[in-house]
Amino acid sequence: MQFTLNLPNLLTLARIVLIPLMVLVFYLPFTWVGPASAAIFALAGFTDWLDGFLARYLKQSSHFGAFLDPVADKLIVAVALILLVDQHRSFFLAIAAMIIIGREITISALREWMAHVGARHRVAVSFVGKVKTAMQMLAIVLLLYQLPLFGYPTYKIGLVALYVAALLTLWSMVQYMIAAMSRDQA
């Protein structure tokens, strides 16, 4: 696999570089770390959208970018969830994080297997998967932010959004597994 140095791939690499920065900021002993961590995570989410847009618009898609983009996404989401579980020590937050991270590992392995048998298209990103991702990103930003915003309890709203994301995560995983099993039956 050859690495193509283009703007979309640089944005993906920047998203990976933001991970240790987010961890460092998260553990600093200041009152502004929640909003700062949330801003770093939101910036990473924006670069995810932007690198995909630019890859299509500039016709700079590459095999390396197609590989690295979902890896970067899964890394920053997993790290953010681990940080939140570490900080809050909540059973329900841990369960939601376990579902989300476990699903990502499972679906990554499933996609690899489906690619091996020539049926990767059967586990392409679905609409439910896109809604799940949007809900998950919103939830993590709100959970990291933690402070009330315009009188709204961002942490509590973030928890509800994360539970919805966990349910959508399970739903999309079942869809992918059914698609894979129907391929295996054929």
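I record that the model is predicted.

I located Val77 in helix H3. I then listed its contacts, leaving out residues up to four places away in sequence: Val77 touches Phe41, Ile100, Gln136, Met137 and Ile140. I also checked Arg15, which lies 62 residues from Val77 along the chain; their C-alpha atoms are 11 Å apart.

Next I turned to the two helices. I found that H2 (residues 33–57) and H3 (residues 63–88) pack at an angle of about 165°, with 11 Å between their axes. Angles over 145 degrees count as roughly antiparallel, and H2 and H3 are therefore described in that way. I noted that their crossing is left-handed. On the H2 side, the contact is made by Phe41, Ala44, Asp48 and Asp51; on the H3 side, by Asp69, Asp73, Ile76, Val77 and Ala80.

Finally, I considered the whole chain. I counted 6 helices and 0 strands. I noted that 40% of the 186 residues count as buried. Among contacts with a separation of 6 or more, I found that 74% join residues 24 or more positions apart. The C-alpha trace spans about 55 × 35 × 25 Å along its principal axes.

Terms used. Residues are numbered from 1 along each chain as its sequence is written. This is a predicted model: local features need pLDDT of at least 70, side-chain atom pairs count only at pLDDT 80 or more; totals for chains, interfaces and linings use all residues. Side-chain values use heavy atoms; hydrogens and water are left out. Axes are lines fitted to C-alpha atoms, for helices over the stretch in contact, and angles run from 0 to 180 degrees between N-to-C directions. Helices (H or I, at least four residues) and strands (E, at least two) are DSSP runs, numbered from the N terminus. Angles under 35 degrees count as roughly parallel, over 145 as roughly antiparallel, 65 to 115 as roughly perpendicular and the rest as oblique. A crossing is left-handed if the near helix is turned anticlockwise from the far one by less than a right angle, and right-handed if clockwise. Contact means heavy atoms within 4.5 Å. Buried means under 20% relative accessible area, exposed over 50%, partly exposed in between (1.4 Å probe, protein chains only).
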